[in-house]
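This briefing goes through selected local features, grouped by topic.

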Amino acid sequence: MAQDDIFKKLIAHCKEYGYVFPSSEIYDGLSAVYDYGQYGVELKNNIKKYWWDSMVLLHDNIVGLDSAIFMHPDVWKASGHVDAFNDPLIDNKDSKKRYRADMLIEEHVNKLEDKIQKEIDKAHTRFGDAFNEEMFRKTNPRVMANQEKIDEINKRFSEAINTGNLNDVRQIIIDCEIVCPVSGSRNWTEVRQFNLMFATEMGSTAEGATKVYLRPETAQGIFVNFLNVQKTGRMKVPFGIAQIGKAFRNEIVARQFIFRMREFEQMEMQFFVKPGTEIGWFNHWKELRMKWHKALGFGEASYRFHDHDKLAHYANAATDIEFRFPFGFREVEGIHSRTDFDLRQHQELSGRKLQYFDSDSGESYIPFVVETSIGVDRMFLQVISASYDEEELKKDDGTTDTRVVLRLPAVIAPVKLAVLPLVKKDGLPEIAQKVVADLKFSFNCQYDDKDSIGRRYRRQDAIGTPYCITIDHQTMQDETVTIRYRDSMLQERVKISSLSGIIAEKVSIPALLRKL
Ligand code: ATP
C-alpha cells in the first residue's frame, strides 16, 4: 500500500479509536490544533513519564521545572525571537496557496535524496553482501551528480538565509524548477519573513495592557530560572534542568496531522556545562538520546542523525534525530550546543548577573548549554506510526482476513490488559470483575463483555492492548485463565495468581530505563 494511504488510514484510526480528535470538531475543526482522546492522553502521559524518568530519575544532577507559559516580553527580545523567529513564506499566484520557502527547497532536496537511495537499494540487491555503499556513493555517476546538486542547493540556501537574501531564496525555487503541488505552476510571489509567535495582551485596559507572547519554546523558562534552581538546589556544574510543557507557534503551513501543530508540547532539557567542555557533552547527549529512542524497539533502520551544516549564529554544534515517518525521514528531536548565548543575552537585558561560581576553582563564569529538545506530539506520531499494522490472516477455510493491530511497546500502551468473560453468565463476569478489581491498582485494565470473544480481541488489537485475559468455565474449576498475546495471538493457560507477575515484568518502565 502506498505510504500516503497508510498515513491517511493512521489518522482515521487515531480518531476512530479515541487517540486524537481534530480540535473543536463540531465547528469543523481548527487548523493544526488537536485534542487527545481517552487512549491518546494515556499514551502521551506514558511517553512523558518515560522521558521524565530517563532525565530526572536516572540523573542525580538533573532536576525538573514547571515554568509559566507567559513570560516577561523582554525574555523574547533577549532570546532573539522578536527579531528573528521567522519563517520565509511564499505564495503561488495561481493556487493562492502559501508555503514555507525553506520547506519547498527541503522537499526538493528530499526528492533528490530519494533518487540516490533508490540507486543504492537497486545496487544493494544486485551485489548482495559484497555491496560497498561508501564506494558506490563515490563512484556512481548518477549518485554523484545528484549529490552535487544537493550540496550546491544546501550551500546556496544557507548563504541566502544567513545573509537575509530573500530574493535568492526565491531564485533557488525558480532555478530548481519547483512547482506548486496544487496548481502545478511556477508563478511565485516574493519571499517574505513571517514571525511565528502568537501575541496577546495582558492587563485590563487597552492603554495599560502589555503585549505578551505565548511561549514558542519551553527553554527560556529554564534559562531565566537557571540561578534560582542552581542556588536553591545547590547544583554544581555540570547539571541539567528538565521541563515538559506547552509551546505555541503560528506555523505557516500546518500539514501532516500532529507533526506540525500550532499548539504542541515539548520536553526540553538544558544541560549547563563549563565552557570548553560542551562538545564532549554534546556527543554524550547525542548518543544517550538516540539510545532512548531505540530502546522502544522500532528498529535501527528507523533512525538517523542529521548533523547541521548550517548552524544558528549562537550554536557551535547541532544535530537532529530523524525518524522514518510514512512521509519520509523527519526531525523528532534536536540536540544543540548553544554556547552561552541565551544566558549572556538575559544577563545583558535584565542587568542581573547570571554567573555560576565554581567553589572548587574560585572562578565565576556563564556556563555553556547543551540542550535536548523533543516534541511530545512528534514522539507520539513516531510511536503510533511505527506501531500501526494491517496484518493478513489466513483463516481455517483458506480465505484471508485482515486485522488492524497497534503493536505499541507494552510499556507505554494505554491499556495494559483487558479482562474478558467468555460468556456473560455462569458467574464468569463476576470472576472477571474481581480480576480487574485486584489488578487495577498496578495496571490500566479494561473489562469488556460485549460481542463475541473474537470481536473483543480485535477491538483490543486496534487500541494496542498487549494482553487479553479470558475467563472461561475452566476458570471456575482450577483458577486458571488464558492470556492472549496481541502480537503473536498465541494463548497460554496460566494461574490467576501469576497474572500480576507475568504482566508486571513486561510493562515495567524501570526495565526499559535499565536499557539506557
Ligand atoms: P521544524 O524544523 O520541524 O519546524 P524546529 O527545528 O523549528 O522544527 P525546534 O525549535 O528545534 O524545532 O523544536 C524542538 C522540537 O519541538 C522539534 O524537534 C519537534 O519535535 C518539536 N516541534 C517544533 N515545532 C513543532 C510543531 N509546530 N508541532 C509539533 N512539534 C513541534
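With a relative accessible area of 42%, D426 is partly exposed. The model is predicted. D426 also has a positive phi of about 60 degrees, although it is not a glycine.

**Backbone geometry**

- D426 sits in the loop between β19 (417-421) and α14 (428-439).
- E479 is another non-glycine residue with a positive phi, here near 60 degrees.
- The loop that holds E479 runs between α16 (473-478) and β22 (480-485).
- E479 counts as exposed, because its relative accessibility is 54% and the exposed class begins over 50%.
- D426, at 42%, falls in the partly exposed class, which covers values between the buried limit of 20% and the exposed limit of 50%.
- A cis peptide bond links V237 to P238, with omega near 5 degrees.
- P238 belongs to the loop between α10 (226-232) and β9 (239-248).

**Cysteines**

- The number of disulfides in the structure is zero.
- In general, a disulfide is a covalent bond between the sulfur atoms of two cysteines.
- For C176, the closest cysteine sulfur is that of C180, at 16 Å, which is too far for a bond.
- For C468, the closest cysteine sulfur is in C445, at 12 Å, again too far for a bond.
- C176 is buried, with a relative accessible area of 16%.
- C468 is also buried, at 1% relative accessibility.

**Helix α15**

- Helix α15 spans residues 453-463, and its buried residues are R456, Y457, Q460, D461, A462 and I463.
- An α-helix has 3.6 residues a turn, so residues three or four places apart point the same way.
- After α15 comes G464, which has a positive phi near 90 degrees.

**Surface charge**

- A patch of negative charge on the surface is formed by E148, D151, E152, E159 and D309.
- One of these residues, D309, is located in the loop between β11 (303-307) and β12 (317-325).
- D309 is exposed, with a relative accessible area of 71%.
- That value meets the patch requirement, because patch residues need over 30% relative accessible area and no salt bridge.

Definitions and conventions
Residues are numbered from 1 along each chain as its sequence is written. This is a predicted model: local features need pLDDT of at least 70, side-chain atom pairs count only at pLDDT 80 or more; totals for chains, interfaces and linings use all residues. Side-chain values use heavy atoms; hydrogens and water are left out. Patches are made of residues with over 30% relative accessible area and no salt bridge: like charges are joined within 9 Å, nonpolar side chains (Val, Leu, Ile, Met, Phe, Trp, Tyr) within 5 Å. Accessible areas come from the Shrake-Rupley method with a 1.4 Å probe; for residues, only the protein chains shown count as cover. A salt bridge is a side-chain nitrogen of Lys or Arg within 4 Å of a carboxyl oxygen of Asp or Glu. Lys and Arg count as positive and Asp and Glu as negative; His and the chain ends are not counted. The place of a charge is taken as NZ of Lys, CZ of Arg, CG of Asp or CD of Glu. Helices (H or I, at least four residues) and strands (E, at least two) are DSSP runs, numbered from the N terminus. Buried means under 20% relative accessible area, exposed over 50%, partly exposed in between (1.4 Å probe, protein chains only). A disulfide is a pair of cysteine sulfur atoms within 2.5 Å.
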